[in-house]
Structures are given as structure tokens and as C-alpha cells.
Amino acid sequence: MSTVAAPSNELAGTGALVRAALRADRWRTVVWAVAVAGLTQVSVASLAELYVTPESRAGRAQLISSPAATALAGPGYGLDDYTVGAMTANELGLWVMLPVAIMALLTVTRHLRAAEESGRLELVRSGPVGRDAPVVAGLVAATVATLVVGGLTFVALLAAGLDVVGSLALAGGIVMVGLVFAGVCAVTCQLTAHARTASSLAMAVLGVAFLLRAVGDVRGPEGTSALTWLSPFGWAQATRAYVDERFWPLAIGVVVAGALVVLAFWLVGRRDLGTGLLAERLGRPRASARLTGMVALTVRRQLGAILSWGLGIVVMGAFIGLLAGELVDFIAEETQVVELFPTGPNGAAASAFALYMVVLAVATGAYVASSVGAARAEETAARGAIVLSGPVSRVRWLGSQVVVGAAAAVVILVLTGLVMGLTAATSMGDAYVGKLVGAAAVTLPAVGVVLGVAVVVMGAAPRAFGLVWAYVAYVGVVGLFAELLPDGSDVLSPFAYTPRLPAEAMDWPPVLGLTAVAVALLALGLGAFRRRDVVG
């Protein structure tokens, strides 16, 4: 990624900061690269085994051309002659780009805003370090991590038997998306004084980019909608990997990433250290009589993240509900799709809703992971130690983060089920509100397990918190592609044991079991946090 020219004194100490950033991130990068590349290779190999005949691939192509599948996966290039390569790019590519984008923006936040918020950057800047050097170091760390993940994914694609040019196009799109969102987060880090707000703003941009691509691909097949071309995901998929490769859309992303970097450097020179360009909203002069104490403080700190995550998930649910009628009509018209799509006793719509509800529940799991990550950021910024120096126990401090995250997850998912049911009623005319609220509610124990895993890592191994995001990526991939992966690949995913309502009948034992596991993990994590040292 290119950077702007700056006076030599503004870049003083850049080399040392870059080396320190790369050293600090080396294991995180390895974990991300191995997880993403490993899941990619396994998924491609499974696709090749499952869809051996041209007839089976043609049936899969018919399914991917449906509106709902297009919204979740992409425009579907090369469906007339659907090869395993085209299948990989169409169905797997977007879901590799998403975690890489999250990795890149979290890396930038950690090295820019989190370091500044914690006071570490002030200590660094007290030495012979220029103003722009930390920004360069953060961007280089994100760029290197993105290139390593993209490079290892390229090798994994080749190892799975796919051709070089198509693999290069797909891996190039993955890297480009990561670089764009690294640039986005470099800008948001200049706008706000808090790391969690900066990452939440960048996540909101990511959500908007996903929605623009989804709506654009449904409105215009094969990237013919202007909305698709407003999204980095649209640019990446427009390379048409494994079909008739074209690399020029990647240049759009490189130019945009470079422009964002230029903007970030311009903004950093127009604010003071420790501040953001956006004015902070002052808190209420008096605490609410209804909500006081640690829970009230946590709600105020995390309200922006709750609203941004919640709005994105609810809007996606509404969009899926609106497309439900078209999906059902499509399946009824395509006999090949009927054979591939498990309609079950409750119909094709119920099976589609069950699949998409898992996707939305995984997104909610990503939110609860970010809520625990916010607590980790509070600790590394030493604000947690300040609060704990008063009459606040460790369990109460971290427990308030858990309570707020869990309560927000309940509201988000139930509201998503309600809105999806209402929009489905407009497109299908059937009463799905109660069914989809129930389908959303039954995924809550699995989301609680993800929350429990995050709390355990926070309590026992906080420096390895990046593993939580690797776990979220894992449950997302196996939730979407469980039937393509080898048997047992989903054994660690709580969503593998969740009843797929409304397609299946309710099954209480796994729900109660997941609830017990979630409670046990939360207790274990809180106990571990109570015993370990706190950053102060």
C-alpha cells in the first residue's frame, strides 16, 4: 500500500516501529493465515468430491442463481459451465474476504487508536519518533498480515488443484479487500478518540459495503448494477476468477486504499494526540434512575457498537425476508434445485430461513465477541484497572460486559426474527412471524457459547484474543458449508447442534446442553479473570 510523502522528521523512527509491530503480530498473523487457508483448502477439496458430474454442478449453478443465494454469495459468474473453480469463487470467495477484512481493520485499530488510547503511543512519541511513523507502522502491519493470509490462501487453492491464474485473481481480490478496509480503519482511527468506536465505525462501513453488493447483485446480474460497483466486495468478485479472469477491477481497490491512506495522513496532522476529530458526546450529568452502576457505564460505552451491529443484522434479515417469495418460486420452477435444496416437511422457504438464520446468528456471535474485545481494550488502556481500584470486583466489572453483550444479542436476534417474519409475510403471504422469532431464539444458546469462549480467552489468555475471531470465522464457515466439509469438521461449532427451525422440529436436549455449556464457559472465564493479573 502506498503512502504519502512526508518530511523526514515526521517519519523518524518508522523502521523501529514497523519491526516492533510485525514482531507483536507474528503469531496472530500465523493463526489467521493457517485458519483461513486451511478452511479454504478443505472446502475446495470437498466441493470437488461432492460435485463430480456436470449434471450435479449444473444443479448447483441453478441454486446459486436464485435471488437469495445471490444476495449472500455474489453475482454467480460462469454458471453456464459451472466448474469447481467458479464454484469456489462464487460461493466461498466472499466468506473468505469478510474475515480478512475484519482482521485488517482490527490490526490497524490495535496499532493506531488502541495504542494511542492506552498511552503507549504517547510514551513512544516522547522519543525520536515522528508524527506519521505510528500510522505507517500500523498500516504496514495490516498490509503484511493481509498479504500473508492472501499468499497462503493462494497456495491452498493451488494445492486443491485449481489453476494458477484463477487462484491469483481470487487471492488478489481477498488481498485488495483487506487493504481497502485497512485504509478505512486508518481514517476512522483519526475521527474518534476510542478504539472500540473506531473499529465499530469501520465495521459499519464493512456492513454497508456488504449490503450494497447484495442489493446490487440481486438487481443486476453479473455485476451490472451500479450499487455493486460501490462496494470493494463487488470489485473483488468482478475479477471473474476461474471464468474469464480480468485483473483491472483490483486497481480500483488499490486506488481507493491509497486515497484512504492519504486521507488518514492528512487527518492525523489536524488533531492532537489522544483526541479525535469528531466531538465526543458528553454523558448525562446525572445517572438514570432506571440504569445505574457498571451496567449503565457499559451500555453507554458500547451503545454505538450495539446499534451498528444490530442495525446491520436486522437489515440483512429484512432483506432475506423480502427475497423469500422469489426464492420459493425459483425452487418450484427448477427441478434440479429441488433435488439439491432440502425442502423438508415444512417447505423450501423453511429450509432457506433455517440456513440464513444461522448466518445471522453467527454475525450476532461476532458482535458478542467484539463486546468482550471492548472489555479487553478497556483493560489494555488501563481504564479497567482504574475502575477496579474502587469498590468494584473483577467479576462485577467483566460480568457487566457479559450481561450487556448477552442482552444486546437477545434483542438483536429476536428483533431480526420479527422483522424477517414481517417482510416474509409481505413477499409470501404466509404467517412466518412466530416461526422466525422462534428460529432466532433457538440460536441464542449457540451465541452464548461463542460469548463463553470469548470470556474464557479474556480470562485465561488475553494476549491470544485473536483466537476468538479465528473461532468466529470457523463457526461461520462451517455454518454455511457444513455439507461440503469432511465429517466431524463442525464438531466444535455450537451451531451444528442447534435445531434448524423452522425447517425441523424443535429438539430441547441440544438446546439445554448448549445453554449448560455456555453457562459453564462463562463461569470458567470469569473465574480465570478473577485470578489473573490485570493490566494497570
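Reader: Which residue just after H7 takes a positive phi?

Author: Gly161, at about 100 degrees. Bear in mind that this is a predicted model.

Reader: What makes the span of H7 close to the expected one?

Author: Helix H7 covers residues 133-159, 27 residues in total. At 1.5 Å a residue, 39 Å is expected, and the distance from its first C-alpha to its last is 39 Å.

Reader: How do you know that the span of helix H20 agrees with 1.5 Å a residue?

Author: Its 24 residues (508-531) should span 34 Å. The end C-alpha atoms are 35 Å apart, which agrees. Buried residues in H20 include Val511, Leu514, Ala518 and Leu521.

Reader: Why is Cys185 called buried?

Author: Buried means under 20% relative accessible area. Cys185 has 0%, so it counts as buried. Cys189, at 1%, counts as buried too.

Reader: What is the phi of Arg240, and why is Arg240 called buried?

Author: Its phi is positive, about 55 degrees, although Arg240 is not a glycine. Most residues other than glycine have a negative phi. Arg240 has 15% relative accessibility, so it counts as buried. Tyr242 also has a positive phi, near 70 degrees, and is buried at 9%.

Reader: What makes the peptide bond from Leu501 to Pro502 cis?

Author: Its omega is near 0 degrees. Pro502 lies in the loop between helix H19 and H20.

How values were computed:
Residues are numbered from 1 along each chain as its sequence is written. This is a predicted model: local features need pLDDT of at least 70, side-chain atom pairs count only at pLDDT 80 or more; totals for chains, interfaces and linings use all residues. Side-chain values use heavy atoms; hydrogens and water are left out. Buried means under 20% relative accessible area, exposed over 50%, partly exposed in between (1.4 Å probe, protein chains only). Helices (H or I, at least four residues) and strands (E, at least two) are DSSP runs, numbered from the N terminus. The expected span of a helix is 1.5 Å times one less than its number of residues.
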